[in-house]
Each structure stands twice: as structure tokens, then as C-alpha cells.
Amino acid sequence: MSIVGIGRGLLPMSAGASVIGLHVLLRREGFIVNHKRLFRIYREERLMVRRRRGRKRAFGTRAPMAPNDRWSLDFVADQFTDGRRLRVLVVVDDCTGECLALIADTSISGTRVARELDRLLDQCGKPKTIVSDNGTELTSNAILRWADDHKVAWHYIAPGKPVQNAFAESFIGRLRDELLNETLFRSLAHTRAVLEAWRADYNHERPDEPSHLRRGTAVHCAALHRWLRSADRHHHRPTERHRRPDSNRCWIKVGGNVRRDGVCSRTGS
């Protein structure tokens, strides 16, 4: 009888037994097995007992049912090729998943955020609620005054709980994987052009979102709710770092930081 079969037979005798415990049980049965070999087989055959985890409980606000019910705001950081830092303000409609704005600048104050929100109100209408974290720009007097003047409910998530702003965090993860980690930004003008092109493609060209859910069209709430629960919105994430030759050097982006990575070996030239 193989070691795998013996291990599977002995495992119920000691529920949750570790590889060390299984090694002891095998020695009791008269089988002398190298512990490293046993550990390899233990992992390959998945002999561990799966522990039951607690049931996940929903908390926070539910998914909105109509466009402009709720917007999510957040910031994402990156840098130019010369090392200067830049910030991008992200505004997402939680219902349609549409990216309403990607505002890039070296510094974005609360007053600038309020000014951009005024522009979005003219283009998209007024939201009922805005969700954001507790950053200094979003808790400034300019934002508090703006929310009071426009009668918009501003919801701040709990400190250290980014999952409560899940719509924005999910979008930022996709933005970083598809664009920020793969692009070298040369200047602020170049950054804004690239971000706007990606936003237009994301909002209007993606095949994974039904066209009848776009902004400005009649949306049946029940159908929208079913789509929100069933749609698979995951995208392939690249596994290799982006490289571009600069003279005889390689520039790479790791975690939003631009670095040089030795001498490039050019092939095919």
C-alpha cells in the first residue's frame, strides 16, 4: 500500500493532523519515511483537513440601484520617469461602474476636488451620496462646505477599513494593473492624455458590460440588480514587468515606482 493511501487512512484518526503528526502516526505503524519526502507528498496530495471558517457577514451600505445613487472617491499615487510624484483622483459611479473622472496632478487640494466635483455635477448630475476615506483633502473645510451647499450626503469610511470603499478600491486595482504599472509617464500632459484614453476605452469599448447599462439610457432596476450580482468583472492581470529601452538602460515600474534595471540586451536590431 502506498504512503498516500496509508496517510489518507490515518488522517481521520487525528482530525487536523499536521505533517509532523502524520509522520508520528506512520512511525507507529512501522513505516520509516523521510520527513522531507512526507512533507512534499503531504502538500501535493492536499492531505490537510480544511478548517471551517466563519460565515462572511455583510456590512456597510448595499449596492446602489440606479445611476447617481452613490459615487466613490479615492486617490492613487504614481510617479514620473524623473522621479517626481503624481496623484490621480478617481471618481466612480458605484451603480454603473463607470469611471466619471481621472484627475491627475502633482498636488490635489480639497478646493481642487470641490472644483472638479462641480464640473462633474454639470456633466453627470448630482449624486445622492459620496463615499470616501478620511484623507485630509476629503475632510477639509472646502469639501464640507461643498457637501452642505449641494445637499449631498458624504459618507466617510471607518479608519483603516478600505474594504468599505470597495468599489473605488476594485477600480483602482484594475487601473494600476492595466495602466499604471505598464506605463512610463513622461510629463503631466502625457499622463492626462493616457489616463483619458484609458478611461474612454474602459467606459465605452469594454465588451464585458451590457450597453443598456451605460449612463443616460433607461435602466430597469431589477435587471440592473441581477446583472450587478452575476456579472464577472475580473480581468486578466499581467505577470511581467514592463520594460522600455532608454539609451542602453532599462526603465521598469515596480509598485508604482520607476527604476533603472541594468543594461538592456537588445535583440532583433
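Which elements cover the buried residues of α6? In this predicted model, local features need pLDDT of at least 70 and side-chain atom pairs count only at pLDDT 80 or more, while totals for chains, interfaces and linings use all residues. Residues are numbered from 1 along each chain as its sequence is written, and side-chain values use heavy atoms, with hydrogens and water left out.

The cover of the buried residues of α6 includes β1, β2, β3 and α7. Contact here means heavy atoms within 4.5 Å. Helices (H or I, at least four residues) and strands (E, at least two) are DSSP runs, numbered from the N terminus. Helix α6 comprises residues 166-178. Its buried residues are Ala168, Phe171, Ile172, Arg174, Leu175, Arg176 and Asp177. Buried denotes under 20% relative accessible area, exposed over 50%, and partly exposed in between (1.4 Å probe, protein chains only). The end C-alpha atoms of α6 are 18 Å apart, which agrees with the 18 Å that its 13 residues should span at 1.5 Å a residue. The expected span is 1.5 Å times one less than the number of residues.

Five strands form an open sheet in the order β3-β2-β1-β4-β5, with mixed pairing. Two strands pair if DSSP finds at least two bridges between them. The edge strands, β3 and β5 (153-156), each pair on one side only. From one strand to the next, the twist averages 20 degrees. Axes are lines fitted to C-alpha atoms, for helices over the stretch in contact, and angles run from 0 to 180 degrees between N-to-C directions.

Strand β1 is largely enclosed by the rest of the structure, because nine of its ten residues are buried. β1 and β2 run antiparallel and are joined by nine bridges. Within this pair, aspartate 74 stands opposite valine 90 in β2. The two strands form a hairpin with five residues between them. Glycine 83, in the turn, has a positive phi of about 95 degrees. β1 and β4 run parallel, joined by three bridges. Here arginine 70 has threonine 129 in β4 as its bridge partner.

β2 and β3 pair in the antiparallel sense over six bridges. Arginine 87 stands opposite aspartate 105 in β3. Helix α7 (residues 188-204) packs on the sheet and touches β2 and β3. The direction of α7 makes about 170 degrees with that of β3. Helix α5 lies across β4 and β5, running at about 140 degrees to β5.

The structure holds ten salt bridges. A salt bridge is a side-chain nitrogen of Lys or Arg within 4 Å of a carboxyl oxygen of Asp or Glu. One of them joins the side chains of glutamate 137 and arginine 87 (2.4 Å, N to O). Glutamate 137 lies in the loop between β4 (129-132) and α5 (141-150), and arginine 87 in strand β2 (residues 85-93), so this pair ties together parts that are 50 residues apart in sequence. Glutamate 137 is buried, with a relative accessible area of 14%. Arginine 87 is partly exposed, at 25%.

Helix α4 (residues 110-124) contains both glutamate 116 and arginine 112, four residues apart, about one turn of the helix. These two form a salt bridge, with the closest N and O atoms 3.0 Å apart. Both are buried. Glutamate 116 also meets arginine 119 in a salt bridge (3.0 Å, N to O). Arginine 119 and glutamate 116 lie three residues apart in α4, about one turn of the helix. Arginine 119 counts as partly exposed at 33% relative accessibility, whereas glutamate 116 is buried at 11%. Salt bridges that share partners join Asp105, Arg112, Glu116, Arg119 and Arg192 into one network.

In soluble globular proteins, nonpolar side chains tend to be buried together. A nonpolar core is a set of buried Ala, Val, Leu, Ile, Met, Phe, Trp, Tyr and Cys residues joined through side-chain atoms within 4.5 Å. The largest such core has 22 residues, of which Trp71, Leu73, Val113, Leu117, Trp146 and Trp154 touch the most other members. β1 (70-79), β2, β3 (99-105), α4 and α5 each supply at least two residues of this core. Its largest share, six residues, comes from α4. Another core, of 19 residues, lies apart from it and includes Phe80, Val90, Cys99 and Ala104.
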